[in-house]
Amino acid sequence: MVMSSSFRALRSRNYRLWATGTVVSNTGTWMQRTAQDWLVLVILTRHSAFAVGVVTGLQFAPLIAFSAHAGLIADQYSKRRVLAVTQSVMGLSALVLGTLTVTHTVRLWHVFACALLLGIASAVDNPARQAFVSEVVPRADVTSAVSLNSASLNVGRLIGPGVAGLVIAAAGTGPAILINAGSFAGVLVALARMRPGEMYASNRARRRKGQVREGLSYVRHRPDLVLVFAMTGVVSMFGLNFQLTNALMATGPFGKGPREYGLLGSVMAIGSLAGAVLAARRERPRLALLVAAGIAFGCLLTLAGVMPTYAAYAVLLVPIGLCTVTFLNSCNTAVQLSTAPALRGRVIALYVVVQQGTTPIGSPIVGWIGGVAGARWSVLSGGIAALAACLGGLLVLRRAPGISRRFAAALASADEPAPPRPAGVAGDVTTDGASGVRSP
């Protein structure tokens, strides 16, 4: 029963295609992240944690600038077509950086430029990709699909860093990045083979003034979402910088090389994958579980910062990975399932800004802390900040029980998505704002 309830989203052919493509792409993505950080930290600079933080920041900075409008794009246009464009651009970015690296012509500014291009494409891709899940499976399977998406990410995280470490040791960083460029074909092929007649089409918003402000206003008047956004923002800004902090810990206190650095990402993915499978069993998100997972994450990350050996640090990454995925999956499904479908793209875009767009602020700060106070404090600061934020969230829920009731009411009242179109019918329907009135 555990397996059937966890993997129920795979009953949909379109989702099986999507999941297969994303496993391939995510594996390549984690290979590039590992190789890119190693390229900057070890080859292009003299172990500059700040430079690694800048690269990470450039990848995520466009989320802050463009995500609100990217969410509107996801609400107005075919998400499937948007994803085809963005995935192609991201593949091109990897191809350029990989080619420069294997030809030994790469410079630090090249990495910065490719990271920025990747960030711009990702800013448009993220809300469309996350909202797209609701169009591939029926509403009852959305939680399973979101969790399996996380499982796919963590399968990539499990395989990618370890393989990247081997590739870097054997052939250098360039080939690892080029493998990622080729991996985007997995998603593009999956999108091309999907059957439009089996999609659960979301209503498309009709163009009019004030649509971006409408998404902001919707969140502002939802105290339950404001609380989720606040906790997510702090945890993401200071606690979810593992590409940077693992590199600092591996090369600093533990004195390890690329294989051991890559292994840390794979070890963490074991716990992350377990957390994703467990999360897929839940049909509805709960604020209590979200807060508990965040508190556990903060405690474990703080403990990781004082681990005396590489092995002890690596072992602790397993439960950290489990808590990370439990927290983020709960946040994601809470936002998706409690938001009106016609506003889902815009609200998810705002969530992406908070969850991923805070990284450009946090990464340089964490890198600076690591450079000034030592690698251990780059981990400790994230754990302490996450713990404080989620304990604060617990206090708010206890003192304002109406927030939990508001969230439960939103889950119950969220509109059902449109049923699958008849076979052979292409294109999406449109809607006037959040009213849900469908137009041909």
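Reader: Which residues of H10 meet which residues of H11?

Author: Phe242, Gln243, Asn246, Ala247 and Ala250 in H10 meet Tyr261, Leu264, Gly265 and Met268 in H11. Meeting here is contact, with heavy atoms within 4.5 Å. Helices are DSSP runs of H or I with at least four residues, numbered from the N terminus. By class, this contact of H10 with H11 has 6 nonpolar, 3 polar and no charged residues. The classes work like this: Ala, Val, Leu, Ile, Met, Phe, Trp, Tyr, Cys and Pro are nonpolar, Asp, Glu, Lys and Arg are charged, and the others, Gly among them, are polar.

Before we go on, this is a predicted model, where local features need pLDDT of at least 70, side-chain atom pairs count only at pLDDT 80 or more, and totals for chains, interfaces and linings use all residues. Residues are numbered from 1 along each chain as its sequence is written, and side-chain values use heavy atoms, leaving out hydrogens and water.

Reader: At what angle do H10 and H11 pack?

Author: An axis is a line fitted to C-alpha atoms, for helices over the stretch in contact, and the angle between N-to-C directions runs from 0 to 180 degrees. H10 and H11 pack at about 130 degrees, with their axes 9 Å apart. That makes H10 oblique to H11; the rule calls angles under 35 degrees roughly parallel, over 145 roughly antiparallel, 65 to 115 roughly perpendicular and the rest oblique.

Reader: And how do H12 and H16 pack?

Author: Helix H12 (residues 287–304) and helix H16 (residues 375–399) pack at about 155 degrees, with axes 7 Å apart. So H12 is roughly antiparallel to H16.

Reader: What lines the largest cavity?

Author: The lining has 49 residues, of which Arg33, Asn126, Arg129, Leu153 and Gln356 lie nearest the centre of the cavity. Helix H2 (residues 13–44) gives the largest share, 10 residues.

Reader: Which residues lie nearest the centre of the second largest cavity?

Author: Trp30, Phe242, Gln243, Asn246 and Gly265 do, among 12 lining residues. H11 gives the most to this lining, with 4 residues.

Key: Helices (H or I, at least four residues) and strands (E, at least two) are DSSP runs, numbered from the N terminus. On a 1 Å grid over the protein atoms alone, a cavity is a set of points where a 1.4 Å probe fits but cannot get out, and a pocket is an open set with protein on both sides within 12 Å along at least five of seven lines; lining residues have an atom within 4 Å of a point.
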